[in-house]
Amino acid sequence: MSPEDKSQKRVEKLFSELEQIANQPPAAGGSQPGKNMPPPIIGDTPASPLVSENTTGVSAEIDALVQRIIDLEAQLEKSEMRAVMAEVKLTAEKETQSQEQQVQLASTIIYEKEKVGYAYRGENVQSIQSIQLPSEELYQVVKTPLTASGEVIGEIKVTPPEKNNWTEEEERLTNAVAQQASLQIQNLRLLAATERARAEAQAATRQFTHENWEAFLDGIRNSERIGYQYDQAAVEPFMALAPAEHDYRETVQVLDEHIGNLFIKAAPTHPLTDEDKTMISSIARQISQQVESLRLLADASRARADAEEATRRLSRESWQSYAQRAQTTLGYIYDSMQVTPLKESSNIENISFVQPLTVRGEAIGQIAMANMENVSKEAAELTEAIAERVSAQLERLRLTEEIEKRAAELATVATLSTATSTVLNPEELLQQVVNLTKERFNLYHVQVYLADDSWHTLLLTAGSGDTGKQMIMSGSAIPMGKKELLISRAALERKALISNDVRKEASYQVNPILPDTRSEMAIPMISGDKVLGIFNVQSDIVGYFSEEDANIYTTLATQVGVSLQNARLYAEQSETVAQLRELDRLKSSFLANMSHELRTPLNSILGFADVMLEELDGPLTDNMRNDLGLIYKNGQHLLHLINDVLDMAKIESGKMNLNVEKFNLQEIIEEVTSITAPLASEKNLSLFIERDSDHEVDIYADKIRIRQVMINLINNAIKFTEKGKISIHAMREDNHVLISVKDTGIGIPHDQLESVFQEFTQVDTSTTRKVGGTGLGLPISRRLIEMHGGRLWAESTGVNGEGSIFYVFLPIEAKIKEETEKAKKVK
């Protein structure tokens, strides 16, 4: 019985029971209705209130229950109808899928969409693209995320019925369903990815098999079609596409790739049965496996033969190159008495037996026996064994010689790199490189051409030996665009080029200075993306250079290019430094001369102004005294500026001399305070020496220059302080003394604490315009303190009102001698 029939019977049974309950009145006292109970009283007789009330409540509940069951029955009928329709639709889809299955197998795999979603409403599951979802603003929608490996891959949205409220239990149930759905979706994704990867691997394998069989049956090494026929008597070739008559055909496949057919012609008296066809299919599978094994074996044999051929070719070329480069005898004669070299003029007659010397199947020489009438089998076998041993030993010696040669070349490259890295003159560097290369590599000639981009030519800059000097004196140059020349072509192609027989080159012309050149190699020297020049090496042996040599010389040329670029940069920097030093010297000389020329007339102006102010030439009016006072004041200011410029020029030129003497530091500080006090009073600033300052410190220094430094520091503090105070403090620290000048001015930004000690620099432009000055006071002060062997620095928070502190750290005994020697070394 189907589930639908069972559901229908259950509904009918439920209806019958409800009708029985509805027809029976409730018993008093809450007893259950029974078969022997009297029927209910119907008519005008009034029932008791309790019975009437119970009957009404039960009837209402039964009516509601009946109506609910009727609704359920209607939904059940609709569900059955939908199930039938879905089954019909599913059957049709299966038929369609079975028809399209062959096409889908051959088609490209289509990956899943970026967004996939389904909606379950009522009893239907539909794609979210084909229906209209309810608005989340009008309905209560509960969202639960779908997660996989900690990442959100989707969400479940549940819209409960309008009359039902969402409970916590239903929310937990939704979360559990979301977790299960997430796991299932992830599993399906992994399964789909696995299936897709397997399909792609199978497709690639089929393509690989197809290409291999096409390459195997290429019509050159194998015919494009291979076939055989067996007629119970013999096996004969069969080249036709198919036999004229056959009863059954079975395909021969390798990894689903069709590679051939098996045709069967049955005997007239014995037609093929199903068992025969099954056996033929099995035979076809065995044939496909055997044929694929044979093809793989043939491919492996062919690859091995190619490798052996490449090895033989390498051996042949290596021995040919070795024979061309070898400068020793390549043959010897043994006459039972002695071993003598075999010369080209030697004429050997009556050769009785020849045994070749072979290395990897390639003949590299031979052993010949002369004047032997009969060569026995034992002698021939012995000669063959000796030849085998000699061949192996010769190959080992050649390889050892090659390895030693490469090791020596690499060591030479390292030596050249070390030597060139210490040479900073470009011409000396290149000359040293060509001489060392010719000597260490045993070459005929080495030369270097440098590129001149302005003339688009390669100029000979360095050459080995007297020959190179002679060619440089003649001004040898090669146009870059002349492609027929090896050197020009190497510059254009930016790679090493070899000519192992220059006399066979169409454009070759004998150089009378280098008549014995036979092999030549040109290597570009490249730095970054620029060709600096060409490194050219020549040999008097034909076939001297190989590709391995090109790699070695390319490494050497690269190192030379880097060293050349460094030498050029160093030369440019040295020239720039020399020019700057000369400019600095001229500037200092100019400033010193101009300062003297300006100070002489200025002193005269100040002297005459002082005489007039003292009224030695007669009485002055108030206006005249005021004007003369301004002249004297500004003249003094100008004199200070000129003195600063002159001091800086003397310091930079090393002509500043210090006169060391012993004096009390406190006396200098008090003297400076009295000199600068009027300037502080004009701005209502408090200028004082701190009480705990050390009054007993005696130092050995230039008294005038220390006074000048202290005046500069205090004047600076007064200029940049609008209100507040300026304090001075001195304290001895072992063999040094620390002096500080603290103000409450505008302060110095942290990033400008060092720049204020540079020439012609102040805190900012606006302040410079306000207070004036050349910006030489602090630089001169630092230089003077450093000449004493001390230090001068500043500290400040950069906050206006907190000011700055300038520190002077001096040794008790000035170290003037050391500083003077240091200044001479710098100069």
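1. Basis. The model is predicted: local features need pLDDT of at least 70, side-chain atom pairs count only at pLDDT 80 or more, and totals for chains, interfaces and linings use all residues. Residues are numbered from 1 along each chain as its sequence is written, and side-chain values use heavy atoms, with hydrogens and water left out.

2. Overall content. The protein chain has 15 helices and 25 strands. Both are DSSP runs numbered from the N terminus: helices are H or I with at least four residues, strands are E with at least two. Of the 827 residues, 28% are buried (under 20% relative accessible area, 1.4 Å probe, protein chains only).

3. Contacts and surface. Take the contacts (heavy atoms within 4.5 Å) with a separation of 6 or more: 58% of them link residues 24 or more positions apart.

4. Five strands form an open sheet in the order 20-22-23-25-24, with mixed pairing. Two strands pair if DSSP finds at least two bridges between them. Strand 20 (686-689) and strand 24 (791-796) are the edges; each has a single partner strand, so one side of each lacks a neighbour in the sheet. The twist averages 15° from one strand to the next.

5. Inside the sheet. Strand 23 (residues 736-743) and strand 25 (residues 804-811) run antiparallel, joined by 7 bridges. Val-737 has Leu-810 of strand 25 as its bridge partner.

6. Helices on the sheet. Helix 12 (residues 703-719) lies across strands 20, 22, 23, 24 and 25, at about 25° to strand 23. Helix 14 (residues 777-787) lies across strand 24 and strand 25, at about 135° to strand 24. Axes are lines fitted to C-alpha atoms, for helices over the stretch in contact; angles run from 0 to 180 degrees between N-to-C directions.

7. Helix pair. Which residues of helix 11 meet helix 12? Ile-668, Glu-671, Val-672, Ile-675, Thr-676, Leu-679 and Ala-680 do. The axes of helix 11 (residues 665-682) and helix 12 come within 10 Å and cross at roughly 35°.

8. Hairpin. Strand 7 (residues 248-254) and strand 8 (residues 257-264) pair antiparallel over 7 bridges. Val-254 has Glu-257 as its bridge partner. The hairpin has 2 residues between the strands, and Leu-255 takes a positive phi near 55°.

How values were computed
Buried < 20%, exposed > 50% of the residue type's maximum accessible area, 1.4 Å probe, protein only.
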